[in-house]
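Good morning, colleagues. Please turn to the sequence and the structure on the screen, and I shall then take you through selected parts of them.

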Amino acid sequence: MRSYFKLALKVLGRRKFFTFISLFGISMTLVVLMVATAVLDNFFAPRAPESRFDRVLTISRVTQRGPHDSESMEAGYALLDGWMRPLHDVERTAIFSTVSSTAIYRGDSRIDTDVKHTDGDYWNILDFHFIEGRPYSSKEDAAGAHVAVITDDLSRKLFDTASPLGKSFTLEGDSYTVVGVVPRVSLTRMAAYSDVWIPIGALKSSDYRHNYLGGFVGLVLAHSSSDFPRLKAEYKARLRTFPLDRKTYTEIATGLDTPFEALARDLTQNRTDSGAWILIGVLAAVALLFMTLPVLNLVTLNLSRIMERAPEIGVRKAFGASRPALIGQFVIENIVLTLFGGVAGFILTVVALRIANQFSVVPGAVFEVNARVFAYGMLIAVFFGAFSGVYPAWRMSRLDPVLALRGGAA
Amino acid sequence: MIRHLLKLVWHRKRANALVMIEIFFSFLVVFAVVTMAVSMIRRWNAPLGYEWRNVWVVKVENSMAKNVSGSHTTPDSPTAIDPKLLHDAQLIDRLTRELRGIPQIAAVGSNSMPAYGNAEWTSVLGEKNRSTEVTADFASDDFARVMNLKVLQGRWFRPEDEAADYLALVVDSDAAKGLFGSIDKAVGQKLPGEGFRADPNSPKEVRVVGVIAPYRKSGELSGPETRMVFFRSSLNKPQTPEAKTIVLRVQPGTPASFEAELSNRLHAMAPDVTFRVQRMEQMRRLNLRVRFTPLAAMAVVALFLISMVTLGLTGVLWQTVTRRMREIGLRRALGASGAGVRHQVMGEVALLATLAVIVGAVIVLQLPLLGFMRLVTPGEFSAGFASALAVIYGITLLCGAYPSWLASRIEPAEALRYE
């Protein structure tokens, strides 16, 4: 084994131009795949303030379907209050509104602001780090208190460096008092993201209480993720009592989803299940399609490199090396090459993400490479190396030793 | 000559097959990227059909709930107009009239789904045998003046339409062609009112009163087909989706501070309503960013793929030349010139590229049959195809250039002894 590694390094050092081309292809391919992984990780992996989201299920998109019409939008307060809140044996449930974009005016300047309305338990499911102050409670929500939690970023824009606690600002004609300050949140975190958080009870109209559809998202914090199947089944069973408008619709499609399933439901609308498998399939297909060209490139390069080494292989064969041994040697050589490419790709990924963060491609999002992304990247690298090494190795092992020794095999 | 080259290529078919597949995939990538680029440039330069500068958009939300379709809130009698709709329509009408009095505001109108926004309503219009999918919106009588719409035939909505027993409709020239075959025939056409929506308030009939220039609701990067239609939003017989967005044109040079003032005045006019003021310029910037970012990412990835293929191909051809030293040396020894050898190597490369491109072209030419033409025009398609051909031949010949030069410099005496 060790001699294989040594040999691999020797061979790679011999033809520098080829090694460079191969490494360039491999590392850039991995950069693209790792950047994609880092972005997906940023969206879906549990992380503060959504660090408990490995135990959280959400209800977001609801579709009503009939023979002629279908309507698809976010859940409504009435649906969440009546069909999600009473679920048995869960740690907590919370309701919040989807983010709406608005503006706060300070003097002559306009501050673009995203607002989210939440209930009190929202703060118990998400674990925000409070720089100052505190969240608002369920009691304050019920009383319709005009209080707000804001981000440090907005606090600076509104009140400069002074502590904002107890100060108030005007939003859409109403005045709110700041009770807490949290760090800025990434736009990629659907449940956490906002600039200002306000109690649902502070809404101007209470119409929302009667709407089954529109504007709200529900969160369920389970005791553990092993409860998910039970909760999903219970929610589905409860929905039989939903007052569907039978004149137009025959079916309501909604479910308790993990964040990934929720996105899948959004993208693959008009299905009864969440369509998570479709999304996974599509992502895998895109990745494979993208890898086709780099793999082909590597295979042709490897092939021509092997043919160059025909005399060496002929000698080994003539001295009795078995086919599996030869294939193994070459595949290992290729994996060593791809691992080098993987490391180079990893470094380039870090650089690329840093640049992306600098331009803040997605507001508030800090894309980073963590152990998980690195592990995925290396996994992809090894897969890539084995994949592109097998066919050339097989061709090599079939070389006729007599022809190979003369270096003339085609 | 070509038969001879074919023989040479066939002789090394396995190695060549891989190179061919690689060129084939590169052709597809280049075609996709170039077509996209050509298409985007053309889209960017095409007229929008409206004028976004100095337009401000005020979203009016009477309650937190988004429009929940009539069925949940409509009282028992199906023909009665939903009181909530009526109330909202009157509110918008009152606000519009009050805003008209402000000197900084040049024109005020309302619609349901403003340009550059995310909301979109698609509907199927027309008789059963000739129905067409269109993008629809409700708009007020003054909307055309706010957005500077260009009326090509007939007229925009008038207050007199309120009394008519039909619902007035304005179509853009694209929709007119789709629905009636030509722009000239559109004005005065009638369409069945029932059936395009299951709304009990729908009037019996819809009548086209005017044709406007193509209205590209999704902005500069939206597709070649607009098929936009506007229904007249009525004060007395409002329908969903409600025309609940006020659009206004401010006087040129209005300072940004007026936005805060406008916001305050709106809140004073209706304290229990939520208003969101936005400049269309901002909505446009966001829209372009959202559409442009994935395109840019794809272009970077494609560029990387192509440069990788270029390098890889150079390497493979180089290798091939080294391996065929003796063959080439023999040719030289038998009197072939350096240029002759170079032509042979280049000819082989060009042949490989041609074979790959033929397969690629067969596949690409299927795309129009698969409805791809909804995304690009035939002109863009052919431009993309031609440029992809040029790029692929350019790249392969460039890759072949150095190896073939190497081949032409092979010394026969040395090559024949080469092991």
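I begin with a crossing in chain A: α11(A) passes α12(A) in a right-handed crossing. A crossing is called right-handed if the near helix is turned clockwise from the far one by less than a right angle, and left-handed if anticlockwise. Before I continue, please note that this is a predicted model, in which local features need pLDDT of at least 70 and side-chain atom pairs count only at pLDDT 80 or more, while totals for chains, interfaces and linings use all residues. Residues are numbered from 1 along each chain as its sequence is written, chains are lettered from A and ligands numbered from 1 in the order in which they are written, and side-chain values use heavy atoms, with hydrogens and water left out.

Helices (H or I, at least four residues) and strands (E, at least two) are DSSP runs, numbered from the N terminus. Helix α11 of chain A covers residues 323-358 and helix α12 of chain A residues 371-397; they pack at an angle of about 145 degrees, with axes 7 Å apart. Axes are lines fitted to C-alpha atoms, for helices over the stretch in contact, and angles run from 0 to 180 degrees between N-to-C directions.

Helix α9 of chain A, residues 276-308, also packs with α11(A), at about 130 degrees and with the axes 13 Å apart. The two are therefore oblique, a word for angles that are not under 35 degrees (roughly parallel), over 145 (roughly antiparallel) or 65 to 115 (roughly perpendicular). This crossing is right-handed. Among the residues that meet here are A:Leu298 and A:Arg305 in α9(A), and A:Phe330 and A:Glu333 in α11(A); contact means heavy atoms within 4.5 Å.

In chain B, helix α2 (residues 13-45) and helix α11 (residues 378-408) pack at about 135 degrees, their axes 8 Å apart. α2(B) is therefore oblique to α11(B). Here too, the crossing is right-handed.

Let us turn to the strands. How are the strands of the sheet β3-β2-β13 in chain A paired? The three strands form an open sheet in that order, with antiparallel pairing; two strands pair if DSSP finds at least two bridges between them. The edge strands, β3 (70-74) and β13 (251-253) of chain A, each pair on one side only. On average, neighbouring strands of this sheet are turned by 15 degrees against each other, direction ignored. Strand β2 of chain A, residues 61-65, pairs with β13(A) over three bridges, and A:Arg65 stands opposite A:Glu251.

A:Thr254 lies in the loop between β13 and α8 (259-267) of chain A. Is A:Thr254 buried or exposed? A:Thr254 is buried, because its relative accessible area is 10%; buried means under 20%, exposed over 50% and partly exposed in between (1.4 Å probe, protein chains only). Leaving aside residues up to four places away in sequence, A:Thr254 touches several residues, including A:Arg61 and A:Val62. A:Leu239 is another residue it touches, and the C-alpha atoms of A:Thr254 and A:Leu239 are separated by 8.9 Å.

Finally, strand β4 of chain B, residues 132-139, is mostly covered, with seven of its eight residues buried. Five bridges join strand β3 (residues 121-125) of chain B to β4(B) in the antiparallel sense, and B:Ser123 stands opposite B:Val134. Five bridges also join β4(B) to strand β9 (residues 228-232) of chain B, which run parallel. There, B:Phe138 has B:Phe231 as its bridge partner.
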